[in-house]
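Here's a quick tour for anyone meeting this structure for the first time. Have a look at it, then read on.

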Amino acid sequence: MRSKKGLEISSFLDLEQSLRESRFENSTSCVDWRAIFEGRTKLRPSNLHLSYFDWHQNRVSFNNSDNFRVLNKRPHSLLLKHVGDHKIFCVNASCDCEHSKNVSRKTYFSPIYGYVIFFDHIIRRIN
């Protein structure tokens with residue numbers, strides 16, 4: 001998304017948790033997914049998501065979710081650790097580090113949102 005001044009505002013969100021919480025309207029981080037899917041509203045980046053960056057205000061925030069813990073380690077910009085299998089993955093789409101192998105990336109172009117990247121973490125069974 002872009003601010004009124006044209007600067008980027010972006011975030012990463014835990015889609016599974018967000019869809020689950022959308023059933024509870026009184027949730028502080030509730031997203032109206034029905035309105036988004038019906039085209040009545042846009043999905044907006046929020047400082048309640050896993051990570052949030054506002055270029056205009058030069059503000060970054062990180063939040064853990066039920067499924068992921070945010071690891072802010074500098075050379076990778078942002079790493080997420082899955083709570084279930086403890087696998088770490090890098091959200092930098094152009095990174096080719098060891099953590100990139102723990103997730104598949106699919107990039108889509110949306111006329112509303114521009115480029116959207118879905119990170120599909122395949123949960124592995126812990127033995």
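## A facing pair

Leu80 sits opposite Phe89 in β6. The strand β5 covers residues 79-82, and three bridges tie β5 to β6, the two running antiparallel. Strands count as paired here if DSSP finds at least two bridges between them.

A word on the ground rules: this is a predicted model, where local features need pLDDT of at least 70 and side-chain atom pairs count only at pLDDT 80 or more, while totals for chains, interfaces and linings use all residues. Residues are numbered from 1 along each chain as its sequence is written, and side-chain values use heavy atoms, with hydrogens and water left out.

## The sheet around it

Zoom out a bit and you get an open sheet of three strands, ordered β4-β5-β6 and paired antiparallel. At its edges stand β4 (68-71) and β6 (88-90), each with a single partner strand, so one side of each has no neighbour in the sheet. On average, neighbouring strands in this sheet are turned by 30° against each other, ignoring direction (axes are lines fitted to C-alpha atoms).

## The whole chain

What does the secondary structure of the protein chain come to? It's two helices and eight strands, with helices being DSSP runs of H or I of at least four residues and strands runs of E of at least two, numbered from the N terminus. Starting at the N terminus, the order is β-α-α-β-β-β-β-β-β-β.

Of the chain's 127 residues, 33% count as buried, meaning under 20% relative accessible area with a 1.4 Å probe, protein chains only.

Definitions and conventions
Axes fitted to C-alpha atoms, helices over the stretch in contact; angles between N-to-C directions. Buried < 20%, exposed > 50% of the residue type's maximum accessible area, 1.4 Å probe, protein only.
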